[in-house]
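Please examine the sequence and the model shown below.

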Amino acid sequence: MSKLNIETIKFPGLELKRPVIISGPCSAETEEQVLTTAKELAAIGVKIFRAGIWKPRTRPGAFEGVGSLGLPWLKRVKEETGMFIGVEVATSHHVYEALKFGVDMVWVGARTSANPFAVQEVADALKGVNIPVFVKNPVNPDLDLWIGALERINGAGITQLGAIHRGFSTYDKSEFRNHPQWQIPIELHRRIPELPIITDPSHIGGTRDLIADISQEAMDLNFDGLIIEAHTCPEKAWSDASQQVTPARLKEILDNLVLRRPKIGDTPRNALDELRKKIDELDNQLLDVLNERMKISEAIGQYKYENNITILQTRRYDEIMKDRVGRAASRGLDAEFATKIFESIHEESISCQSAIMNRELKRKEGK
Ligand SMILES: C=C(O[C@@H]1C=C(C(=O)O)C=C[C@H]1O)C(=O)O
């Protein structure tokens with residue numbers, strides 16, 4: 001368990017209700033674009049405004065943000081709409097500049113949180129400051145690195161801490177720009193239950209058509225909020241044009257969200273208990289079967305040792321994979337899921353047989 005010292009995030013005078021919504025353009029482009037978008041968002045009830053000032057771009061030559069020039073525009077947003085404002089920071093200079101212009105909250109981006117030196121620099125610059133700080137997941141699916149970044153910020157005395165799940169980079173492009181790998185933020189929540197987690201459907205989806213579904217999934221997984229990029233004219237945006245929505249579309253997405261009860265306690269004792277009992281029983285059976293299978297694999301390992309046969313039998317492994325995935329599919333189970341399970345079983349089986357071989361070798365050497 002991580003030992004973070006976390007306090008509830010507070011924006012003075014704002015009652016934070018689930019889902020907390022943070023919205024605004026990917027990048028601040030012009031004063032007019034910032035102000036117009038902000039006013040449209042304020043009109044639909046958004047209370048926390050975001051805008052990228054410094055943009056870490058994948059390739060040089062892309063629009064890298066207007067820099068500190070945009071901060072007075074955000075200050076105007078705050079003064080004219082009453083919204084709180086937040087920006088991404090990646091260096092100590094960004095932190096000092098943002099604080100100078102009264103930014104209410106900051107977040108550490110995914111490329112930054114992957115780099116402990118950069119996170120430490122930001123953490124040191126934030127020492128003595130009491131504002132909410134969010135840490136996006138690092139680009140690579142490494143939960144410990146994410147937690148490490150949170151610990152560094154927390155170590156600087158920042159207690160109003162939150163996490164932003166923006167998905168993970170992969171080489172092969174799936175339907176997502178950044179694969180959600182929901183099990184990672186779920187595990188983060190299991191390890192640090194008091195840490196609020198906000199989902200970033202814009203960066204996970206990479207296209208505006210996916211934002212509604214990802215937002216709903218985030219709510220069904222009981223995450224605390226959504227950070228969604230909005231632009232008064234998304235097609236003309238200077239960065240991430242395909243994943244931004246108009247404030248009007250954002251309102252539609254939010255209005256259509258179904259918020260389900262997070263606790264089961266207040267539902268009548270119902271079928272859920274019975275179903276969970278069945279799951280418990282089946283999991284027990286699964287463990288018995290796995291245990292029995294590993295015992296047989298160990299016996300095969302012993303046989304291989306005595307007869308000088310290699311552990312890995314590729315043809316047999318290949319036959320098993322094809323057969324089991326086919327059988328899974330004919331039962332209506334997902335082929336990818338079956339593949340993962342049998343790959344994992346095979347890996348464990350190989351490692352059990354290696355342990356047998358090593359044990360026998362040692363025994364022989366000891367003689
Ligand atoms: C168990 C064996 O050893 C390995 C493990 C396998 C398994 O667990 O199914 C299959 C093939 C081998 O790579 C075997 O040779 O049958």
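Helix α13 contributes the largest share of the shell around the ligand, 4 residues. Helices here are DSSP runs of H or I with at least four residues, strands are runs of E with at least two, and both are numbered from the N terminus. α13 covers residues 335–366, and α11, α12 and α13 each supply at least two residues of the shell. The residues surrounding the ligand are S297, I300, L312, Q313, R316, Y317, I320, H346, S349, I350 and Q353; a residue is near a molecule if its C-beta atom, placed from the backbone, lies within 6 Å of it. By class, this shell holds 5 nonpolar, 5 polar and 1 charged residues. In that scheme Ala, Val, Leu, Ile, Met, Phe, Trp, Tyr, Cys and Pro count as nonpolar, Asp, Glu, Lys and Arg as charged, and the others, Gly among them, as polar.

The model is predicted: local features need pLDDT of at least 70, side-chain atom pairs count only at pLDDT 80 or more, and totals for chains, interfaces and linings use all residues. Residues are numbered from 1 along each chain as its sequence is written. The protein chain has a mean pLDDT of 95, and 98% of its residues reach 70 or more; pLDDT is the predictor's confidence in each residue, from 0 to 100. For the complex, the predictor gives an ipTM of 0.95 and a pTM of 0.84.

The protein chain comprises 13 helices and 8 strands. Its C-alpha trace spans about 80 × 50 × 40 Å along the principal axes. The domain assignment, which comes from an automatic or database source, gives domain 1 (20–255) and domain 2 (271–366). The C-alpha centres of domain 1 and domain 2 lie 42 Å apart.

Attention may now turn to the interior. Buried residues make up 35% of the 367 residues in the protein chain; a residue is buried if 20 or more other C-beta atoms, placed from the backbone, lie within 10 Å of its own, exposed if 12 or fewer, and partly exposed in between. The largest nonpolar core has 65 residues, and those with the most contacts inside it are F49, L74, V106, V122, V133, V135 and I153. Such a core is a set of buried Ala, Val, Leu, Ile, Met, Phe, Trp, Tyr and Cys residues joined through C-beta atoms within 7 Å.

Beyond residues up to four places away in sequence, V122 touches V89, S92, V95, V108 and T112, where contact requires C-beta atoms, placed from the backbone, within 7 Å. A125 is located in helix α5 (residues 116–125). A125 counts as buried because it has 20 C-beta neighbours inside 10 Å. Neighbours within four places aside, A125 is in contact with S92, V95 and Y96.

R18 and P19 are joined by a cis peptide bond, with omega about -5 degrees, and P19 lies in the segment before β1 (20–24). Q181 has a positive phi near 40 degrees although it is a residue other than glycine, and it lies in the loop between β6 (161–165) and α7 (183–191). N308, likewise a residue other than glycine, has a positive phi near 55 degrees. N308 is placed in the loop between α11 (271–307) and α12 (314–330), and N308 is exposed because 6 other C-beta atoms lie within 10 Å.

Key:
Contact = placed C-beta atoms within 7 Å.
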